[in-house]
Amino acid sequence: MLLGLQGRGSPLTGTRAGSQIRIPAWLARHPVLAFTVLAYAISWICWLPLLADRQDWVSWSASPYWHLGGALGPAAAALAVTAAVAGRSGVTDMLWRTVAWRGRLGWLGLAVLGPLVLFAAAVLVARVVDGSWADLSRFGASTEYPVLPLAVFWVVNLLFYGYGEEIGWRGFAQPTLQRRHSALSAAVIVSAIWAAWHLPLFGITATYRAMPAIGFLGFYLSLLVGSFVLAWLYLRSRASILVVAVFHAAFDIATTTPTTTTLIPAIMGVVITLAGLALIPSLAKTRPTDLPEPAPRS
């Protein structure tokens, strides 16, 4: 089953490991708010050394790996709030969804190959526009963590950015919000939480720091349509966090690949925007009672 939240009450009684516990009423009534505050606190505390370094508030240099630690904030918050509200069974269900692949191989294939096919198409378009082939010799490499071997970086990207974010955004916030909202409304709310979570990075990451103030609007719109695509993928894959985490990681790797042209990520962004807009009617039709049920575990 998907994450089960207790009903309203004061304070609520739940079951964890065979014993009754009392859950604060505010937590049961506002689990997404509690998740958001905790996710921001964990991530922003981890990113504080980097922010202090980049803004010259301190004389020492902070390791870029603080960025990775902060990326785990949404996952840690989701697991903590789930444990408090739904107990061991809720956490077990969430962890199972991180490896849910049975009956979803087609969607998992789309998550892996979709960004790669889109990248290849963008390379071809860039070739036509620029008149020359982009340098793809560093495909999949990281400019932020250059010392990491390629395969290690891909695994790190999946664990920290794929799972680190998607356990929270799609694994917890999206289905929890869908208990009272349509999938579309839930995805819009998630996109706002997701965008604001990035705020400290605008003082840390070089590409974000170079962005003009109006650029945040474009940044938010990209997350909004991305939220539509990922919400749809989550629902169609019957609540598989594995599928959305893989797609998130693969898309990140493809769009941040060092190349000699900026056209490739721009073209990929346009395609995702069009896809996200095209999915709005489908998400709007998914009512609060239309939550997907995971396939049997055996």
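Valine 117 counts as exposed, at 55% relative accessibility. Here exposed means over 50% relative accessible area, buried under 20%, and partly exposed in between (1.4 Å probe, protein chains only). The model is a predicted one, in which local features need pLDDT of at least 70 and side-chain atom pairs count only at pLDDT 80 or more, while totals for chains, interfaces and linings use all residues. Residues are numbered from 1 along each chain as its sequence is written, and side-chain values use heavy atoms, with hydrogens and water left out.

Valine 117 is found in helix 5 (residues 105-130). Helices (H or I, at least four residues) and strands (E, at least two) are DSSP runs, numbered from the N terminus. Val117 forms a nonpolar surface patch with Val112, Leu113 and Leu116. Together these residues have about 330 Å² of accessible area. Such areas come from the Shrake-Rupley method with a 1.4 Å probe, and for residues only the protein chains shown count as cover. Patch residues have over 30% relative accessible area and no salt bridge; like charges are joined within 9 Å, and nonpolar side chains (Val, Leu, Ile, Met, Phe, Trp, Tyr) within 5 Å.

The protein chain has 12 helices and two strands. Of its 298 residues, 49% count as buried.

The largest pocket holds about 1,700 Å³ of space. It is lined by 48 residues, and Thr207, Tyr208, Asp252, Thr255 and Thr256 are the closest to its centre. A pocket is an open set of points on a 1 Å grid over the protein atoms alone, where a 1.4 Å probe fits, with protein on both sides within 12 Å along at least five of seven lines; lining residues have an atom within 4 Å of a point. Grid points are joined across faces, edges and corners, and the volume is the space filled by probe spheres set on them. Helix 9 (215-236) is among the helices that each supply at least two lining residues. Helix 9 gives the largest share, eight residues. By class, the lining has 24 nonpolar, 20 polar and four charged residues. Ala, Val, Leu, Ile, Met, Phe, Trp, Tyr, Cys and Pro count as nonpolar, Asp, Glu, Lys and Arg as charged, and the others, Gly among them, as polar.

Leucine 223 also lies in helix 9. It is buried, at 10% relative accessibility. Leucine 223 and valine 188 are 35 residues apart in sequence and 9.4 Å apart in space, C-alpha to C-alpha.

The structure holds three salt bridges, each a side-chain nitrogen of Lys or Arg within 4 Å of a carboxyl oxygen of Asp or Glu. Aspartate 53 pairs with arginine 54 (2.9 Å, N to O). Aspartate 53 is buried at 13%, whereas arginine 54 is partly exposed at 27%. Aspartate 93 bridges to arginine 97, with the closest N and O atoms 3.1 Å apart. Both lie in helix 4 (residues 73-97), about one turn apart. Aspartate 93 is buried at 2%, and arginine 97 at 0%. Glutamate 166 meets arginine 170 at 2.7 Å. These two are four residues apart in helix 6, so about one helical turn separates them. Glutamate 166 is buried at 0%, as is arginine 170.

Most residues other than glycine have a negative phi. Aspartate 56 has a positive phi, near 60°. It sits in the loop between helix 2 and helix 3 and is exposed at 66%. Arginine 238 has a positive phi of about 55°. This arginine lies in the loop between helix 9 and helix 10 and is partly exposed at 26%.
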